[in-house]
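My entries follow the order in which I checked them.

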Amino acid sequence: MSRLIVVSNRVSPPTGDGEESVGGLAMALAAALKAYSGIWFGWSGATVPSFTGELHTDTVGGVTSVTVDLEEIDLDEYYNGYANKTLWPLFHYRIDLAAFDRAYGTGYRRVNRRFAETLAPLIQPDDVIWVHDYHLIPLAQELRSLGVRNRIGFFLHIPWPAHQVFTNLPRHRQLVEAMFAYDLAGFQTAEYLQAFEDYVLSEADGSVLSPGRLRAFGRDLEVGAFPIGIDAADFARMVASPRARKMRDLMTASTVFRQLVVGVDRLDYSKGLEERFLGFERFLIENPDLRREVLMLQIAPVSRESVEAYQEIRGRLDSLSGRINGEFSDVDWAPFRYVNKNYRRDELAGIYGVARVGLVTPLRDGMNLVAKEFVAAQNPDDPGVLILSRFAGAAGQMSEALLVNPNSTEEVADALKRALAMSRPERIRRWQALFDTVQREDVTAWRDAFVAALAGARSQRPALVG
Ligand code: GDG
């Protein structure tokens with residue numbers, strides 16, 4: 001088949017030693033690229049005094065990566081600015097945290113243009129290009145303006161918000177017009193796809209030509225929902241690894257006579273950590289008889305530390321976790337462990353495996369891979385219970401979890417009580433159904449479905465017709 005060129009903001013090829021970087025996108029793309037020849041293009045993570053476009057090429061774990069350095073101002077305006085202070089909060093329904101600054105928009109376009117100019121000379125006529133996530137929405141438009149006529153697909157890893165939320169973005173039409181330079185746009189769920197369609201119909205004078213095919217701005221665009229999954233086979237290998245076993249032993253020894261409740265998230269306000277901590281606190285208040293029987297472990301490696309909203313939430317979580325332990329601890333016992341450390345994936349697999357409850361309660365989440373990893377790591381004879389936010393994209397595929405409204409501390413506390421008391425047959429029944437889904441709808445199925453749809457997309461560009 002043709003070469004696949006994957007483009008994302010950061011490039012993080014698989015190392016194969018369990019130390020892959022934190023973040024769902026990196027995990028998924030590393031897995032997806034293993035099977036394809038092709039390249040992974042993006043920012044190197046380094047900054048230089050002025051942009052040169054010089055390429056850094058490397059081949060690791062069968063994946064060729066090509067990266068480019070950016071300027072400091074790009075980092076401020078494009079990455080920390082438009083991507084993480086404007087689009088990320090807005091797309092996660094946090095209009096209160098969204099910063100609208102013309103300079104951010106200018107930086108966003110500039111970096112997308114720079115990516116396009118650097119990438120274009122590497123593209124061969126048969127290549128298929130797959131662009132990822134909110135950092136790079138205008139990339140296809142920039143590539144088209146340079147004469148690139150290849151098939152280009154886009155996948156959004158985060159929610160596409162309801163159009164009443166989306167229209168809070170200044171120049172929102174421009175962003176949607178940029179989406180129409182792709183041949184295929186993929187979303188995590190049918191709900192986000194619907195929200196995009198709603199916008200196109202109500203704000204862009206667009207129309208639905210047929211299911212999955214839209215017209216607006218004088219162009220046609222194929223659209224679809226492609227729920228992302230985990231690399232289930234690789235995760236099964238990790239669950240059986242010596243490091244996972246060691247971690248299981250360590251955790252078992254440190255939780256004797258107690259049931260473990262676990263949360264694993266990048267430290268991000270979209271993940272509902274404050275509300276989760278409050279839900280756990282409420283559970284402790286309401287269930288004095290169970291207090292000594294549970295231990296909650298929250299792993300939350302810090303991310304995007306240079307953005308103020310992330311510094312602020314970190315401060316609030318520090319004091320909340322301190323308050324909970326101060327309130328309920330005893331000389332020989334504390335209910336809560338809150339850890340900002342980054343663990344290896346095989347160690348995480350071991351931790352999930354000994355937990356009686358996985359507490360995954362984002363306020364909004366494109367999909368949420370932790371929910372799937374938790375399920376994949378369970379012991380089939382004695383599985384733990386998944387408590388999952390109804391606002392995670394994953395909820396659509398995982399109805400056998402205990403679904404909760406993450407904003408309600410009462411619902412979270414009640415779900416904890418129910419999960420801890422759940423009989424083994426019920427746990428097995430629910431887990432089996434979840435596990436079947438996680439295995440069947442894994443990252444390979446996601447990749448193949450997207451690539452097949454992109455290959456089959458009826459291109460509007462004459463060079464590809466026939
Ligand atoms: C975006 C979307 C969507 C977490 N802590 C550690 C660690 N992690 C890993 C998890 C998981 C990944 O990071 C997080 O993935 P999520 O899907 O939960 O969330 P985002 O990072 O926000 O990802 C999300 C995803 O893209 C894919 O499309 O599902 O909705 O927001 O794999 O295990 N990994 C390691 N150490 C940690 O301490 N190694």
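Before the first entry I noted that a crossing is left-handed if the near helix is turned anticlockwise from the far one by less than a right angle, and right-handed if clockwise. The model is predicted, so that local features need pLDDT of at least 70 and side-chain atom pairs count only at pLDDT 80 or more, while totals for chains, interfaces and linings use all residues. Residues are numbered from 1 along each chain as its sequence is written, and side-chain values use heavy atoms, with hydrogens and water left out.

Entry one: H2 and H3.
I found that the crossing of H2 and H3 is left-handed. Helices here are DSSP runs (H or I, at least four residues; strands are E, at least two), numbered from the N terminus. The axes of H2 (residues 72–91) and H3 (residues 102–119) come within 8 Å and cross at roughly 115°, the axes being lines fitted to C-alpha atoms over the stretch in contact, with angles from 0 to 180 degrees between N-to-C directions. H2 and H3 are therefore roughly perpendicular to each other, a label for 65 to 115 degrees, where under 35 is roughly parallel, over 145 roughly antiparallel and the rest oblique. Among the residues that make the contact (heavy atoms within 4.5 Å), I noted Tyr78 and Tyr82 of H2 and Tyr104 and Phe115 of H3. The residues of this contact divide into nine nonpolar, five polar and six charged; Ala, Val, Leu, Ile, Met, Phe, Trp, Tyr, Cys and Pro count as nonpolar, Asp, Glu, Lys and Arg as charged, and the others, Gly among them, as polar.

Entry two: H9 and H12.
I read that the axes of H9 (residues 242–254) and H12 (residues 345–354) come within 7 Å and cross at roughly 45°, which makes H9 oblique to H12. H9 passes H12 in a right-handed crossing, and the residues in contact include Met247 and Met251 of H9 and Ile351 of H12.

Entry three: H10 and H14.
For H10 (residues 273–286) and H14 (residues 409–421), I noted axes that come within 8 Å and cross at roughly 60°, and the two helices are therefore oblique to each other. Their crossing is right-handed.

I looked up the domain assignment (bounds from an automatic or database assignment), which gives domain 1 (4–229 + 444–456) and domain 2 (233–440). Their centres, taken over C-alpha atoms, are separated by 30 Å, and 31 residues of domain 1 are in contact with 25 residues of domain 2.
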